[in-house]
Amino acid sequence: MRLRHVKGAKEKIKNHPEFIIDHHKGDDLFLDEKIDEKPIHIEIGMGKGQFLFTLAKRNPEIQFIGIEKYDSVIVRALEKVIEEPLDNLLFIRGDANFLLEFFNENSLERIYLTFSDPWPKNRHEKRRLTHHRFLKMYDTLLKPNGEIHFKTDNDTLFNYSVESIKSYPMTLTYLTHDLHRDDTHFNVMTEFEEKFIKLDKNINKFVAKF
Ligand SMILES: C[S@@+](CC[C@H](N)C(=O)[O-])C[C@H]1O[C@@H](n2cnc3c(N)ncnc32)[C@H](O)[C@@H]1O
């Protein structure tokens, strides 16, 4: 994704610790310890936050936490919650490579991976968020029966991810190559999803459990 520098983004993030935590390598956040009772659902690579914002409004009984590594992107999500605060929505400005510093073992109920960067070159395989390296972290963090929900327009990344899941091993409980023609499945669109739907691109989705 091409990134535009947003002036003042760093400052704004620093000024709103009630909505966003700025993570740096070595900071143990263990954010789940600060959340009372509610099940925790996270989105990794949340971009500007439209998806989580909609889910948080509809599901006050769930605590949503969005993770995004770039200031200039996550600041757009922050602006939305400054304007309309939701007490069940928090953000982490941080890199998913450090997920084990964000939460304790067995603390999450659901992980959303939405339109993840595809990293098409073989030499970048380890950066894909469905590489076994990441699945191992999700395995540690998810509660028994916790779920991974994965959506993408990218057919190659989808097929790679399905194979990665099957060989971990995990179980796929739902799979479609055309989410928008499956009217049995509840769906909230992300920003990227809206763009691809306008181009009439099929959207792939799976749900998986360990
Ligand atoms: C293609 S965008 C999709 C944004 C949003 N999920 C959507 O569907 O509209 C992927 C996002 O994931 C973020 N991202 C990629 N790798 C990440 C990582 N390791 N940790 C945190 N965020 C990451 C990128 O910065 C980017 O904003």
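Colleague: In S5, which residue stands opposite His41?
Modeller: Arg110 does. Keep in mind that the model is predicted.

Colleague: How do you know that S2 and S5 pair, and in which sense do they run?
Modeller: Four bridges join S2 to S5. Pairing asks for at least two bridges, so the two strands count as paired. They run parallel.

Colleague: What makes S2 and S3 a pair, and which residue of S3 is the bridge partner of His41?
Modeller: S2 and S3 have five bridges between them, against a requirement of at least two, so they pair. The sense is parallel. The bridge partner of His41 in S3 is Phe64.

Colleague: Why is S2 called mostly covered?
Modeller: Five of its five residues are buried. That takes in both faces: Ile40, Ile42 and Ile44 lie on one side, His41 and Glu43 on the other. In a regular strand, side chains alternate between the two faces of the sheet.

Colleague: Which residues of H2 are buried, and what covers them?
Modeller: H2 spans residues 50–58, with Gln50, Phe51, Leu52, Phe53 and Ala56 buried. The elements covering these buried residues include S2, S3, H3, S4, S5 and H7.

Colleague: Why is Ile65 called buried?
Modeller: Ile65 has 24 C-beta neighbours inside 10 Å. The cut-off is 20 or more, so Ile65 counts as buried. Ile65 lies in strand S3.

Colleague: With which residues is Ile65 in contact, once neighbours within four places in sequence are left aside?
Modeller: Leu31, Ile40, Ile42, Leu90 and Ile92. Each of these pairs has its C-beta atoms within 7 Å, because that is what a contact requires. For a separation between C-alpha atoms, take Ile65 and Ile20: they are 45 residues apart along the chain and separated by 9.5 Å.

Colleague: How many residues does the largest nonpolar core have, and which have the most contacts inside it?
Modeller: That core has 43 residues, and Ile42, Ile65 and Ile111 have the most contacts inside it. Helix H3, residues 71–83, gives the core its largest share, six residues.

Colleague: What does Ile111 touch, not counting residues up to four places away in sequence?
Modeller: Ile111 touches Ile42, Ile44, Tyr138, Leu142 and Ile148.

Colleague: How do you know that S5 and S6 pair?
Modeller: S5 (residues 108–114) and S6 (residues 142–152) share six bridges in the parallel sense. At least two are needed, so this is a pair. Leu108 stands opposite Leu142 in S6.

Colleague: In which sense do S6 and S8 pair?
Modeller: Antiparallel, over six bridges. In this pairing Lys151 stands opposite Lys205 in S8.

Colleague: How many residues surround the ligand, and which are the closest?
Modeller: There are 21, and the closest are Gly45, Gly47, Phe115, Thr190 and Phe192. By class, the shell has nine nonpolar, six polar and six charged residues.

Colleague: Which elements each supply at least two residues of that shell?
Modeller: Strand S3 and helix H7 do. H7 gives the largest share, three residues.

Notes:
Residues are numbered from 1 along each chain as its sequence is written. This is a predicted model: local features need pLDDT of at least 70, side-chain atom pairs count only at pLDDT 80 or more; totals for chains, interfaces and linings use all residues. A residue is near a molecule or strand if its C-beta atom, placed from the backbone, lies within 6 Å of it. Ala, Val, Leu, Ile, Met, Phe, Trp, Tyr, Cys and Pro count as nonpolar, Asp, Glu, Lys and Arg as charged, and the others, Gly among them, as polar. A nonpolar core is a set of buried Ala, Val, Leu, Ile, Met, Phe, Trp, Tyr and Cys residues joined through C-beta atoms within 7 Å. A residue is buried if 20 or more other C-beta atoms lie within 10 Å of its own, exposed if 12 or fewer, and partly exposed in between; C-beta atoms are placed from the backbone. Two residues are in contact if their C-beta atoms, placed from the backbone, lie within 7 Å.
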